[in-house]
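Keep the structure open while reading.

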Amino acid sequence: MWMKFLGVIAVATLALLAFAATRPDSFRVERSITINAQPEKIHAQINDFRNWAAWSPWEKMDSAMKKTFGGAAGGKGATYAWASDKVGHGSMEILESTAPGSVRLRLDFSKPFEAHNRVDFTVTPQGGAQQVTWAMYGPSNFMTKLIHVFMPMDKMVGKDFESGLRDLKATAEK
């Protein structure tokens, strides 16, 4: 009886691992919102990490978060690192900044897990308003694929992107 039970568990585990191996080698999470503000005002919020406290959803999760800013004050070369028991440890660097249309970041996590991703913000005119798109993408190694079977990346951070974009909208439209 126990052998049959262990055999079923082994087959189920192997099936899960095989399924995880078939998942995509990369992920992408993207959300957009329309903001009624000048593109330069929106770009200024994204392009300077010191402004993120007003709209970043993760900044609001831990008021005791330790933050370090470095490099340029804003734009290419600006850096931001954080350490938090609630949101983990990591850093960002602005790799490219083209006012007022786009900002590209390198996003590195060290805790609770290691990950290296890219983040793009694009500001596109839409009538008298701006469509702002926030996208994060990166590689999915086998462990990431296995985690995504149970908790897809879109489900993990999609709502945070939506919340952050709503707060960015409120900040930029003031």
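A patch here is made of residues with over 30% relative accessible area and no salt bridge, and nonpolar side chains are joined within 5 Å. The model is predicted. W2, M3, F5, L6 and I9 form such a nonpolar patch on the surface. Together they have about 630 Å² of accessible area. W2 lies in helix α1, residues 2-21. W2 counts as exposed because its relative accessibility is 66%, and the cut-off for exposed is over 50%. An α-helix has 3.6 residues a turn, so residues three or four places apart point the same way.

**Helix α2 and its cover**

Helix α2 spans residues 39-47. Its buried residues are P39, I42, H43, Q45, I46 and N47. The cover over them includes the strands β1 (26-35), β4 (88-98), β5 (102-111), β6 (115-126) and β7 (129-139). Helix α5 (153-172) is also part of that cover.

**The nonpolar core**

Which residues touch the most other members of the largest nonpolar core? They are I42, L105, F121 and V132, in a core of 32 residues. Two or more residues each come from β1, α2, β3 (79-84), β4, β5, β6, β7 and α5. Helix α5 gives the largest share, 6 residues.

V132 has contacts across several segments. Leaving out residues up to four places away in sequence, V132 touches R31, S32, I33 and I35, among others. I42 and I46 are also on the list, as are T122, V123, L165 and L168.

**Strand pairing**

β5 and β6 pair in the antiparallel sense over 8 bridges. They form a hairpin with 3 residues between them. L105 has V119 in β6 as its bridge partner. β6 also pairs with β7, again antiparallel, over 9 bridges. Here R118 is bridged to Y137 in β7. The hairpin of β6 and β7 has 2 residues between the strands, and G127 takes a positive phi near 70°.

Two prolines deserve a look. A cis peptide bond joins A99 and P100, with omega about -10°. P100 sits in the loop between β4 and β5. P112 is in the loop between β5 and β6. Most residues other than glycine have a negative phi, and most peptide bonds are trans.

**Charged pairs**

The count comes to 10 salt bridges. Three of them are tabulated.

| Salt bridge | Closest N to O distance |
|---|---|
| D120 and R104 | 2.7 Å |
| E173 and K169 | 2.9 Å |

Salt bridges that share partners also join E93, R106 and D108 into one network.

K67 is partly exposed, at 36%.

D120 forms its salt bridge with R104. That pair links distant parts of the chain: D120 is in strand β6, R104 is in strand β5, and they are 16 residues apart. D120 is buried, with a relative accessible area of 14%. R104 is partly exposed, with 28%.

In the pair of E173 and K169, E173 counts as partly exposed at 33% relative accessibility. K169 also counts as partly exposed, at 22%.

Conventions
Residues numbered from 1 in each chain as written. Predicted model: local features only at pLDDT ≥ 70, side-chain atom pairs only at ≥ 80, totals over all residues. Heavy atoms only, no water. Patch = residues over 30% accessible without salt bridge, like charges linked within 9 Å, V, L, I, M, F, W, Y side chains within 5 Å. Areas by Shrake-Rupley, 256 points an atom, 1.4 Å probe, with all protein chains shown as cover. Salt bridge = Lys/Arg side-chain N within 4 Å of Asp/Glu carboxyl O. Helix = DSSP H or I, 4+ residues; strand = E, 2+ residues; numbered from the N terminus. Buried < 20%, exposed > 50% of the residue type's maximum accessible area, 1.4 Å probe, protein only. Contact = heavy atoms within 4.5 Å. Pairing = 2+ DSSP bridges. Core = buried A, V, L, I, M, F, W, Y, C linked by side-chain atoms within 4.5 Å.
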